[in-house]
Amino acid sequence: MIRVQSPSSSAALLLFAVTSGRLTGTLPRPGRRACCAGMTENANPFREIDLLSLPRPALKALFQAAGQPAFRAEQLFRWLHVRLERDWTRMTDLPAGLRAQLAEARTLAVLTATLERVSALDASQKIVLLTDAGHAIETVIMPMDSGHVTQCLSSQVGCKMACDFCATARLPVRQDLTAGQIVEQVAYACRLGFALGLRRGGVAGGEDGPLSARPHNLVFMGMGEPLDNLQAVSDALDILCDAKGFDFSPRRITVSTSGLAKNVAKLAAAHPNVNLAWSLTATTDEVRDRLMPVNKGVPIRRMVDVLLALPPSPHRKITFEYALLKGVNDTDDDALRLAEMARELNAHVNAIPFNAWPGADYQRPERLVIQRFVDVARRAGASITLRESKGQDIGAACGQLAGEKAA
Ligand code: SF4
């Protein structure tokens, strides 16, 4: 769960103390420094620490353990997650000695843009970013009909879930993204929007910086299964929803899952108001087993029961993502079963006609079939929206552009 490069180094042990148990809220108590036994007086407690990935309480605990006042951690958090600064030399209200120590932490420049495409059809922007290990991930910035901007985030390089219709599943599985790498995708979109003059108000502390151009909505529907990288996704949500950081309302964030039931409840406990999207895509276990191997471990009924058992939240919405595949899951019976499940969970359905990508074994249904499917589900009581994928002219399928880049 916690990535520590060198377990024998004092910095790594300190990081372990600060980060272990974050999902369960068991932060180290003030003054608990037994883990640091063996640190020499001159050891830099920030060396090789991934500061960009730490939620504010963990950052404060780290500073406290390093003998620094808590307000310095607050200052740093503001530089990182409000001003979106990645250059230590510009953090001028931090003492020079502290900045010199922080400069030995892990690099803050965790992603580099390498490819950008803008759709001539709907102005969505797809950006391929390289991790410091040189792996390609995607993020998509999508202007919506409402006038708002939604950003789609990746959580992993590749994906182990092996869904048969997914371009990302064909890429090699390389790494989980860190919380900092997830957050940095949002920071990238903010800087891009700010450069384009898309600022709006409401930034913590009233600063007129790149954060003033942040997207309205975030969806974890890019590369990877977010619940297979739960700690990093949870930490990223903490940072993104921190009122002293990005200050997103959790109601504007949706985390998608293919159906990793064991982690759904953990996510919902840690972030009760974040929305959940279930990539359903089939209404019988026979078909879903074929399309999404996760279904063999967590059949449809079990996942429905897990969602039903979540503690109630006044704000959490549940959606079903339903990729429509020609001749596979687009019958009237599918529409009726889908409607029944949606009614049971009070879920909204997004029906998304499949976007064929080179090498895909599936096709998009005919237009009339799509419309009939939606009509049948709606008449059966489903709240359902037909959604076309954005950026159909720039490689709309998730993982398609990153695959091109990797190739
Ligand atoms: S659809 Fe989602 S969960 Fe399935 S392989 Fe693709 S990225 Fe992974």
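Mentor: Two strands pair if DSSP finds at least two bridges between them. Strands (E, at least two residues) and helices (H or I, at least four) are DSSP runs, numbered from the N terminus. The model is predicted: local features need pLDDT of at least 70, side-chain atom pairs count only at pLDDT 80 or more, and totals for chains, interfaces and linings use all residues. Residues are numbered from 1 along each chain as its sequence is written.

The part to look at is the open sheet. It has 10 strands, in the order S1-S2-S3-S4-S7-S8-S9-S10-S11-S12, and its pairing is mixed. Strand S1 (111-118) forms one edge and strand S12 (383-386) the other, each pairing on one side only. On average, neighbouring strands are turned by 20° against each other, direction ignored. Such angles run from 0 to 180 degrees between N-to-C directions, and axes are lines fitted to C-alpha atoms, for helices over the stretch in contact.

Start at the S1 end. Ala 123 sits in the loop between S1 and S2. Its phi is near 65°, which is positive, and the residue is not a glycine. Most residues other than glycine have a negative phi. Burial goes by the number of other C-beta atoms, placed from the backbone, within 10 Å of a residue's own: 20 or more is buried, 12 or fewer exposed, anything in between partly exposed. Ala 123 has 13 such atoms within 10 Å, so it is partly exposed.

Next comes strand S2 (residues 125-131). It runs antiparallel to S3, and six bridges join the two. Val 128 stands opposite Glu 138 in S3. The two strands form a hairpin with four residues between them. In that turn, Gly 134 has a positive phi of about 85°.

Strand S3 (residues 136-143) is mostly covered, with seven of its eight residues buried. On its way to strand S4 (residues 149-152) there is another hairpin, with five residues between the strands. Here Gly 147 takes the positive phi, near 95°. The pairing of S3 and S4 is antiparallel, over four bridges. Thr 150 in S4 faces Met 142 across it.

Now go to the S12 end. S10 and S11 run parallel, joined by six bridges. Leu 324 has Pro 353 in S11 as its bridge partner. S11 also pairs with S12. Strand S11 (residues 348-353) and S12 are parallel, with four bridges. Asn 350 stands opposite Thr 385 in S12.

A helix packs on this end of the sheet. Helix H11 (residues 332-345) touches strand S10 (318-324), S11 and S12, and its direction makes about 165° with that of S10. Contact here requires C-beta atoms, placed from the backbone, to lie within 7 Å.

From H11 the chain passes through a loop to S11, and Asn 346 lies in that loop. Its phi is near 55°, again positive in a residue other than glycine. Asn 346 has 11 C-beta neighbours inside 10 Å, so it counts as exposed.

Finally, look along S11. The side chains alternate. Val 349, Ala 351 and Pro 353 point to one face and are buried.

Definitions and conventions: Contact = placed C-beta atoms within 7 Å.
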